[in-house]
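Colleague: Could you open the model and talk me through it? I would like to start with one of the loops and then move on to the rest.

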Amino acid sequence: MAARELDLAVSPLRVFGAMLRRYRVKAGMSQEQLGARVFCSADLIGKIENGQRVPSEQFAAACDAVSELTTGGVLGELRELLRDYLKQRAYPGWFVRWPEKEADATVLRTFELVVVPGLLQTQDYARALLANRIGGSADNTDEVVAARMERQSILARDEPPELWAVIDEAVLHRPVGGPHVMREQLDQLVKAAQRPSIVLQVIPASVGVHEGLPGAGFIIAAFADAPQVAYQDTAVRGQVIEDSDDIGVLLATWDRLRAEALPRTASLGLIEEVAKTWT
């Protein structure tokens with residue numbers, strides 16, 4: 001049965017798990033044997049088959065590549081169909097509209113005071129941030145991390161939006177996930193910032209007080225044929241902002257923050273220098 005013929009309204013994760021189990025059993029493979037082939041534990045295989053964990057794109061692709069399963073690419077196709085479902089589960093109501101606007105933007109301007117911008121986070125960094133939420137669960141964390149990684153796909157398009165990101169130097173020194181995770185994250189920042197469509201600038205600690213200290217992170221999306229919109233985090237919930245006056249305030253704030261930041265090349269040098277300390 002082709003993935004597109006399945007009714008995803010009936011527990012989509014269980015549908016994926018049932019399909020995986022069907023192919024595995026038909027191939028005469030145990031969960032341990034499949035896990036060894038796709039570099040994960042038998043426990044994870046079992047949880048995915050029971051609909052308790054979200055299969056990543058990489059996991060689906062790895063399973064499709066196991067010749068004994070003879071999936072014909074169905075698991076990858078089914079995982080693609082799960083995208084919208086995962087977004088609905090992972091995103092709170094007030095955030096659901098934002099990824100679509102983000103994906104339609106031609107230019108994105110963002111500032112972060114305490115963490116790496118979501119569009120530039122590694123999977124392990126995002127997991128470290130999200131796994132420690134009070135009241136959260138492993139299953140929900142998997143879904144939110146998967147959704148965050150999905151958002152980053154806009155930067156890999158043939159014609160990606162320009163991303164202009166300003167971060168405070170404190171972001172580079174905060175030990176999210178430990179030294180290994182931080183080294184991987186900072187190396188990823190350097191690689192990302194070397195793309196022609198991404199400009200990353202750092203406000204050095206020597207600046208002291210700047211416009212971003214009293215507020216929270218935000219991102220402004222500009223479009224070819226529509227008014228700009230923004231998203232800003234608050235202590236209670238995030239907000240999608242469409243009022244032109246409020247957008248104007250955020251744009252002015254962003255310009256002032258960028259004026260305090262190091263130039264692009266110097267910012268990359270600082271990130272590389274700090275990355276060496278995370279060993």
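**Talking through the model**

Modeller: Thr-70 counts as exposed, at 56% relative accessibility, and please keep in mind throughout that this is a predicted model.

Colleague: Where is the place of Thr-70?

Modeller: Thr-70 belongs to the loop between α4 (57–64) and α5 (74–81), and its phi is near 45 degrees, which is a positive value in a residue other than glycine.

Colleague: And what about Phe-39, is it buried or exposed?

Modeller: Phe-39 is exposed, because its relative accessible area is 78% and the cut-off for that class is over 50%. Phe-39 is found in the loop between α2 (31–37) and α3 (42–49), and although Phe-39 is not a glycine, it has a positive phi of about 60 degrees.

Colleague: Let's change topic. How many helices and strands does the chain have?

Modeller: There are 13 helices and six strands in the chain. Of its 279 residues, 47% count as buried, while the chain exposes about 13800 Å², with carbon and sulfur atoms supplying 51% of that area.

Colleague: What share of the contacts joins residues at least 24 apart?

Modeller: If you take the contacts in the chain between residues at least 6 apart in sequence, 73% of them join residues at least 24 apart.

Colleague: Now the helices. At what angle do α11 and α13 pack?

Modeller: Helix α11 (residues 179–193) and helix α13 (residues 264–275) pack at an angle of about 160 degrees, and their axes are 9 Å apart. Because angles over 145 degrees count as roughly antiparallel, α11 is roughly antiparallel to α13. The crossing in which α11 passes α13 is left-handed.

Colleague: Which residues make the contact?

Modeller: On the α11 side the contact is made by Arg-183, Leu-186, Asp-187, Leu-189, Val-190 and Ala-193, and on the α13 side by Arg-264, Leu-268, Ile-271, Glu-272, Val-274 and Ala-275. By class, the residues of this contact of α11 with α13 divide into eight nonpolar and four charged, with no polar ones.

Colleague: One more residue, then. Is Glu-102 buried or exposed?

Modeller: Glu-102 is buried, because its relative accessible area is 1% and the class takes in values under 20%. Its place is in helix α7 (residues 98–104).

Colleague: What is Glu-102 in contact with, leaving aside its neighbours within four places in sequence?

Modeller: With those neighbours left aside, Glu-102 is in contact with Leu-108, Leu-119, Arg-151, Ile-154 and Ile-219.

Conventions. Residues are numbered from 1 along each chain as its sequence is written. This is a predicted model: local features need pLDDT of at least 70, side-chain atom pairs count only at pLDDT 80 or more; totals for chains, interfaces and linings use all residues. Side-chain values use heavy atoms; hydrogens and water are left out. Helices (H or I, at least four residues) and strands (E, at least two) are DSSP runs, numbered from the N terminus. Buried means under 20% relative accessible area, exposed over 50%, partly exposed in between (1.4 Å probe, protein chains only). Contact means heavy atoms within 4.5 Å. Accessible areas come from the Shrake-Rupley method with a 1.4 Å probe; for residues, only the protein chains shown count as cover. Axes are lines fitted to C-alpha atoms, for helices over the stretch in contact, and angles run from 0 to 180 degrees between N-to-C directions. Angles under 35 degrees count as roughly parallel, over 145 as roughly antiparallel, 65 to 115 as roughly perpendicular and the rest as oblique. A crossing is left-handed if the near helix is turned anticlockwise from the far one by less than a right angle, and right-handed if clockwise. Ala, Val, Leu, Ile, Met, Phe, Trp, Tyr, Cys and Pro count as nonpolar, Asp, Glu, Lys and Arg as charged, and the others, Gly among them, as polar.
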